[in-house]
Protein chains: 2
Amino acid sequence: MKAALIIIGNEILSGRTQDKNLSYLANWLNEIGIQLSEVRVIRDEEEVIIETVNYLRKTYDYVFTTGGIGPTHDDITSLSIAKAFNVDLEINDKALSILKEYYKDSELTDARMKMTMIPKGAELVENPVSKAPGFKMENVFVMAGIPSIMQGMLEGARKHLKGGDIIKSVSVDVFTPESNVADELTKLQDKYKNIEIGSYPFTKENRFGTSLVLRSKNEQLLEECKLELLKIVDKFKS
Amino acid sequence: MKAALIIIGNEILSGRTQDKNLSYLANWLNEIGIQLSEVRVIRDEEEVIIETVNYLRKTYDYVFTTGGIGPTHDDITSLSIAKAFNVDLEINDKALSILKEYYKDSELTDARMKMTMIPKGAELVENPVSKAPGFKMENVFVMAGIPSIMQGMLEGARKHLKGGDIIKSVSVDVFTPESNVADELTKLQDKYKNIEIGSYPFTKENRFGTSLVLRSKNEQLLEECKLELLKIVDKFKS
């Protein structure tokens, strides 16, 4: 099972805001056997949103979007999703009653009413944090951009997701530059074609190091490969 | 002038590593009048890299890539870029002499020699941190994924970039939920069509707040709009 994430927001692309949803979603999906395979960060522009959603929802099992479902003029995700699916954007009775419970009548301004407008045919995704819901339209999950709210909505999305094989990973760190282990890693990768072997350099306390990560759904194979990896790594232990 | 960034790396998509290059690049580009308009995070897969590079380099003035130019088997960016441009990947004499200066002959292993392989016709981009260079192929800048190295390479890329109008921004924070200012913001946006008005909710010390950001290349207009924004915001100051 494969998924894509669309991060919608000029504030991410301008460098103003550091995205925190990508890594959270990736790890959350891993745990239920869904692999995040592509992420796109796009501007708050209707045409771009429509095109991106329509391409990715046909390419992946699931698509998640974050951002642009709030009450302000620059929140255009819900309308764009409605257009992508060629349905109307309309007041959703359930969303309305959720907001009516949260706000006094006098507080239900035009801006807040905007958050009750959901594409026709969509199912709501609960927002335990600030009430205004996200929604699910076929295989597309539309969520808020604020990390705490997005994380709450994910729990509501959980029941709609069918996981696949869970990919296990093993990580081994060694204090040597990755170029020292590269040749032997290549041989190891050639031997274990069903294991994804990643090599990620780091520096710590002014020493060069390498994180070696093995990923596979086959736990036995992973264990076997790990033993061989440890033999390679042992040569560099001081 | 518009640019796209391609973040190449399974470690970002698996959630293992938090990307730090997006916001750095966005801010760095802003300062020279180039707007980061799209970002894609993709897997270390040759076909995906080729397709993504070839699409984006025709769409944007500049494309930057990060990741996958190291010495290990999972570093396939340089080869993929060569294929995207339909040229050979070959030992680059200048890259070779840089590495020969840095490593003893006996240390120039097969793995390190891989970092001298550059697409034919590319210009090197200097790496002040760990020597092995990035490169520029037409409007595509291929850089390392490690933030410190990527940042060093950007300085080397600077001379190849032609900036455009610099977009100025003004930011005003107010302690009120964004739905309270939304209706007036809509009117302000309608009045100032050439200013991008963004509204970003936050929470701080258990209070709801909103960051309002005005962005435009027209400084005078920005100043005018800011005065009107401050009037809106003043109503919520306690």
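**Briefing: two chains, their contact and their folds**

In chain A, helix α8 (residues 178-191) lies across β9, β10 and β11, and runs at about 170° to β10(A). This is a predicted model. Chain B can be laid on chain A by a turn of 180° and a shift of 0.0 Å along the axis, with an RMSD of 0.0 Å. That is the relation of a two-fold axis.

**The sheet in chain A**

- Three strands form an open sheet in the order β9-β11-β10 (chain A), and their pairing is antiparallel.
- β9 (168-174) and β10 (196-204) of chain A are the edge strands, each pairing on one side only.
- From one strand to the next, the twist averages 20°.
- β10(A) pairs with strand β11 (residues 207-216) of chain A in the antiparallel sense, over nine bridges.
- Pro201(A) has Thr210(A) of β11(A) as its bridge partner.
- Strands of a sheet pair through backbone hydrogen bonds, either parallel or antiparallel.
- Helix α9 (residues 219-234) of chain A lies across β9 and β11 of chain A. Helix α9 runs at about 5° to β9(A).

**Where the chains meet**

- The contact takes 44 residues from chain A and 44 residues from chain B.
- On the side of chain B that touches chain A, the elements giving two or more residues are α1 (10-13), α2 (21-31), β2 (35-42), α6 (110-113), α8 (178-191) and β10 (196-204) of chain B.
- That side of chain B has 15 nonpolar, 18 polar and 11 charged residues.
- Strand β2 (residues 35-42) of chain A pairs with β2(B) in the antiparallel sense, over four bridges.
- Within this pairing, Val41(B) in β2(B) is the bridge partner of Val39(A).

**The axis**

- In chain B, the C-alpha nearest the axis belongs to Arg40(B), 2.2 Å from it.
- Both copies use the same surface: 100% of the contact residues of chain B recur in chain A.

**Two helices in chain B**

- Two packed helices are described by the angle between their axes and the distance between the axes.
- Helix α3 (residues 46-59) of chain B packs on helix α4 (residues 77-84) of chain B at an angle of about 50°, with their axes 9 Å apart.
- α3(B) and α4(B) are therefore oblique to each other.
- Their crossing is right-handed.
- α3(B) brings Glu46(B), Ile49(B), Ile50(B), Val53(B) and Asn54(B) to the contact, and α4(B) brings Thr77(B), Ser80(B), Ile81(B), Lys83(B) and Ala84(B).
- By class, the residues of this contact are five nonpolar, three polar and two charged.

Conventions
Residues are numbered from 1 along each chain as its sequence is written. Chains are lettered from A and ligands numbered from 1 in the order in which they are written. This is a predicted model: local features need pLDDT of at least 70, side-chain atom pairs count only at pLDDT 80 or more; totals for chains, interfaces and linings use all residues. Two residues are in contact if their C-beta atoms, placed from the backbone, lie within 7 Å. Ala, Val, Leu, Ile, Met, Phe, Trp, Tyr, Cys and Pro count as nonpolar, Asp, Glu, Lys and Arg as charged, and the others, Gly among them, as polar. Two strands pair if DSSP finds at least two bridges between them. Copies are superposed by least squares on the C-alpha atoms of residues with pLDDT of at least 70 in both. Axes are lines fitted to C-alpha atoms, for helices over the stretch in contact, and angles run from 0 to 180 degrees between N-to-C directions. Angles under 35 degrees count as roughly parallel, over 145 as roughly antiparallel, 65 to 115 as roughly perpendicular and the rest as oblique. A crossing is left-handed if the near helix is turned anticlockwise from the far one by less than a right angle, and right-handed if clockwise.
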